[in-house]
2 protein chains.
Amino acid sequence: MEGIGDDCAVLRFPADDLVWSIDASLEGSHFLMDWMGPGDVAHKSFHAALSDVPAMGARPLAAICQLSLSSRVNEAWLRAFARAQRIVSEQTGVPIVGGNITWGKTVGVVTSVLGAVEKNQALKRSGAQPDDEIWLLGELGLAAAGLRILQTEEELQDVRASERAVCLEAFRRPHAQLGSTENLARVATSCLDVSDGLVRDASRLAEASGVALVFEPESLQRILRPELKSVALALGTTPKELALFGGEDYALLATGPSAARPLGARALGFVERGAGVYEAQGESRVSLLGGFEHGA
Amino acid sequence: MEGIGDDCAVLRFPADDLVWSIDASLEGSHFLMDWMGPGDVAHKSFHAALSDVPAMGARPLAAICQLSLSSRVNEAWLRAFARAQRIVSEQTGVPIVGGNITWGKTVGVVTSVLGAVEKNQALKRSGAQPDDEIWLLGELGLAAAGLRILQTEEELQDVRASERAVCLEAFRRPHAQLGSTENLARVATSCLDVSDGLVRDASRLAEASGVALVFEPESLQRILRPELKSVALALGTTPKELALFGGEDYALLATGPSAARPLGARALGFVERGAGVYEAQGESRVSLLGGFEHGA
């Protein structure tokens with residue numbers, strides 16, 4: 001790859017299919033400047049953008065970045081941002097091959113990512129089949145808990161500093177699920193990344209596939225992290241509410257035959273004929289509705 | 001191409017090299033909402049982003065778009081924007097294969113474009129050779145005149161409505177030079193798009209190539225459009241100042257052997273050993289310095 005300094009990056013790729021996405025992390029929409037240091041903005045914008053690529057069963061190849069700066073940003077901020085972006089690019093092995101900087105009223109990072117996947121192997125939202133298992137890769141609810149901690153004016157009672165830190169870190173420095181995508185692409189029937197809340201994203205997958213997704217209560221219970229439980233209590237909500245309706249998890253939700261469940265994926269329930277997203281109560285189905293609107 | 005509705009677009013390309021760029025059109029940085037209707041924003045953001053691709057001697061294949069909206073935008077605005085974006089995509093033959101919408105404080109469009117060019121044929125800024133001719137494809141100064149008309153509070157004296165309209169149109173609806181890039185890629189030694197003012201962009205090309213660019217006064221005079229002359233007078237400046245230091249022209253500046261000058265390209269001067277950008281005065285060289293800062 002070459003071309004930094006020219007109008008475009010120049011890329012040469014193998015005979016794979018390419019996947020291509022664009023994603024924004026904007027002050028006022030996704031974060032407030034008081035909540036995130038320059039390193040957090042660099043880390044989160046990069047991983048949030050990368051996350052769309054494993055969601056297609058693909059591996060990220062390269063990224064390109066549009067950075068908007070405002071008068072609130074000084075040279076130290078910009079240097080720290082650039083250093084952190086270089087580090088996260090190295091850590092993920094995804095080079096930043098080009099970009100653009102603009103000055104305006106607010107700070108924002110728009111990142112476009114190219115990825116590669118074996119020909120005709122890209123995972124869609126539309127392939128889920130009745131009797132498939134539902135798989136989760138990653139954690140749910142921690143980032144939403146971190147956001148609510150930041151939005152809460154008062155000091156939280158009965159929350160340990162370490163629990164608080166886990167939630168804040170999940171909000172400020174999420175990690176795209178880059179590990180296991182090759183295996184996932186081979187066995188999954190459908191996939192998407194969970195960024196707007198599990199239920200909302202699950203209903204997108206259900207709709208695209210023309211099926212119903214049914215979560216099992218004991219499976220939902222099993223994935224709740226201990227940190228989530230005590231922080232949720234202090235926030236006056238439940239860990240399950242945060243896990244189902246929180247956002248910015250950047251986990252992967254996938255479906256596939258239970259016999260083929262990949263290492264690291266946890267079962268959440270099953271696919272059946274129908275439409276919508278439900279929690280199973282024996283033979284009954286309780287509809288799960290709602291979701292997460294980005295907006296600081 | 002497929003994938004709208006999934007996390008990424010999926011693309012299959014021939015064995016060409018790919019070029020890849022990202023470009024922003026942001027309220028407050030590039031335009032004010034009072035200056036541009038939704039159709040103007042759609043048109044300009046798309047052509048401004050496309051312009052980087054012919055600057056590499058490449059043809060655009062597809063675009064992907066991050067749209068930021070604010071509370072100042074209503075449904076009618078959004079519908080008109082979407083319709084105009086579809087039209088400009090059809091007119092240019094460049095499909096929009098994916099995107100993302102976010103709500104925030106300001107309106108902005110970030111567009112990433114992929115293009116293709118024959119293997120190892122991408123035009124760089126760094127290939128200009130002494131004795132090459134300097135070529136211009138497109139017009140200079142009209143968009144800068146349009147911007148200044150919009151920034152001027154008073155009514156302009158002695159300017160015809162049609163002259164005013166040409167300048168406003170150049171600012172609001174620029175056209176990327178998509179026509180002649182294949183031929184250009186074969187014969188040019190270097191190229192970039194002129195978006196920050198001729199002199200500033202020419203100095204980038206000169207620096208990247210390690211040469212001096214010398215413009216001939218009679219050639220500069222020849223490219224000045226009649227509309228530019230009367231509007232410049234009314235604005236209290238000169239057409240040459242607008243052409244040399246204005247911005248957002250989205251013209252192409254290229255270099256190559258004079259015998260190979262492509263159809264539609266106009267000669268502006270020549271390349272010689274040295275560094276910097278000059279106007280020739282006989283055997284003397286007058287340094288041209290300055291440029292255009294984006295900022296409404």
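This is a predicted model: local features need pLDDT of at least 70, side-chain atom pairs count only at pLDDT 80 or more; totals for chains, interfaces and linings use all residues.
Reader: Where do we start? How many aromatic pairs are there over all chains?

Author: The count comes to 4 aromatic pairs. One of them is A:Trp77 with A:Phe81.

Reader: How are those two rings arranged, stacked or edge-to-face?

Author: The pair A:Trp77 and A:Phe81 is stacked. The centres are 5.5 Å apart, with 5° between the planes.

Reader: Where in chain A do A:Trp77 and A:Phe81 lie?

Author: Both lie in helix α2 of chain A, residues 75–92. They are 4 residues apart, about one turn of the helix.

Reader: Why does a spacing of four places matter?

Author: An α-helix has 3.6 residues a turn, so residues three or four places apart point the same way.

Reader: Is A:Trp77 buried or exposed?

Author: A:Trp77 counts as buried because its relative accessibility is 10%, and the cut-off for buried is under 20%. A:Phe81 is buried as well, at 2%.

Reader: What about chain B? What do B:Trp77 and B:Phe81 form?

Author: B:Trp77 and B:Phe81 form a stacked aromatic pair, 5.5 Å centre to centre and 5° between the planes. Both sit in helix α2 of chain B, 4 residues apart. B:Trp77 and B:Phe81 are buried.

Reader: Switching to charges. Which residue lies over the face of A:Phe171?

Author: That is A:Lys44, at 3.5 Å from the ring centre. In chain B, the charged end of B:Lys44 sits over the ring of B:Phe171, 3.5 Å from its centre.

Reader: Which residues does B:Met36 contact, leaving aside its neighbours within four places in sequence?

Author: B:Met36 is in contact with B:Phe31, B:Val41, B:Lys44, B:Phe171 and B:Arg172.

Reader: Where is B:Met36 found?

Author: B:Met36 is in the loop between β2 (17–26) and α1 (38–50) of chain B. B:Met36 is buried, with a relative accessible area of 4%.

Reader: Helices next. At what angle do α3 and α8 of chain B pack?

Author: Helix α3 (residues 142–151) and helix α8 (residues 226–235) of chain B pack at about 35°. Their axes are 10 Å apart.

Reader: Is the crossing of α3(B) and α8(B) left-handed or right-handed?

Author: The crossing is left-handed.

Reader: Which residues meet there?

Author: From α3(B) come B:Leu142, B:Ala145, B:Arg148 and B:Ile149. From α8(B) come B:Glu227, B:Leu228, B:Val231 and B:Leu235. The residues of this contact divide into 6 nonpolar, no polar and 2 charged.

Reader: Why is α3(B) described as largely enclosed?

Author: Because 8 of its 10 residues are buried. Among them are B:Leu142, B:Ala143, B:Gly146 and B:Leu150. The buried residues of α3(B) pack against α4 (161–172), α8 and α9 (239–245) of chain B.

Reader: How many residues of α3 in chain A are buried?

Author: In chain A, 8 of the 10 residues of helix α3 are buried, so this helix is largely enclosed by the rest of the structure. What covers them includes α4, α8 and α9 of chain A.

Reader: Back to α8(B). Which of its residues are buried?

Author: B:Glu227, B:Leu228, B:Ser230, B:Val231, B:Ala232 and B:Leu235 are buried. They pack against α3, α4 and α9 of chain B.

Reader: What comes just after α8(B)?

Author: B:Gly236 does, with a positive phi of about 80°.

Reader: Which residue has a positive phi of about 65° although it is not a glycine?

Author: That is B:Asn120. The place of B:Asn120 is in the loop between β5 and β6 of chain B. B:Asn120 is exposed, at 58% relative accessible area.

Reader: And where is B:Asp131 found?

Author: B:Asp131 is in the loop between β5 and β6 of chain B. B:Asp131 has a positive phi of about 85° although it is not a glycine. B:Asp131 is exposed, at 71%.

Reader: Last one. What does B:Gln129 touch, not counting residues up to four places away in sequence?

Author: B:Gln129 touches B:Thr189 and B:Val271. B:Gln129 is in the loop between β5 (108–117) and β6 (133–137) of chain B. At 44% relative accessibility, B:Gln129 counts as partly exposed.

Technical notes: Residues are numbered from 1 along each chain as its sequence is written. Chains are lettered from A and ligands numbered from 1 in the order in which they are written. Side-chain values use heavy atoms; hydrogens and water are left out. Rings of Phe, Tyr and Trp (its six-membered ring) pair if their centres lie within 6.5 Å; planes under 30 degrees apart count as stacked, over 60 as edge-to-face and the rest as tilted. Helices (H or I, at least four residues) and strands (E, at least two) are DSSP runs, numbered from the N terminus. Buried means under 20% relative accessible area, exposed over 50%, partly exposed in between (1.4 Å probe, protein chains only). A charge sits over a ring if NZ of Lys or CZ of Arg is within 6 Å of the ring centre and within 35 degrees of the ring normal. Axes are lines fitted to C-alpha atoms, for helices over the stretch in contact, and angles run from 0 to 180 degrees between N-to-C directions. A crossing is left-handed if the near helix is turned anticlockwise from the far one by less than a right angle, and right-handed if clockwise. Contact means heavy atoms within 4.5 Å. Ala, Val, Leu, Ile, Met, Phe, Trp, Tyr, Cys and Pro count as nonpolar, Asp, Glu, Lys and Arg as charged, and the others, Gly among them, as polar.
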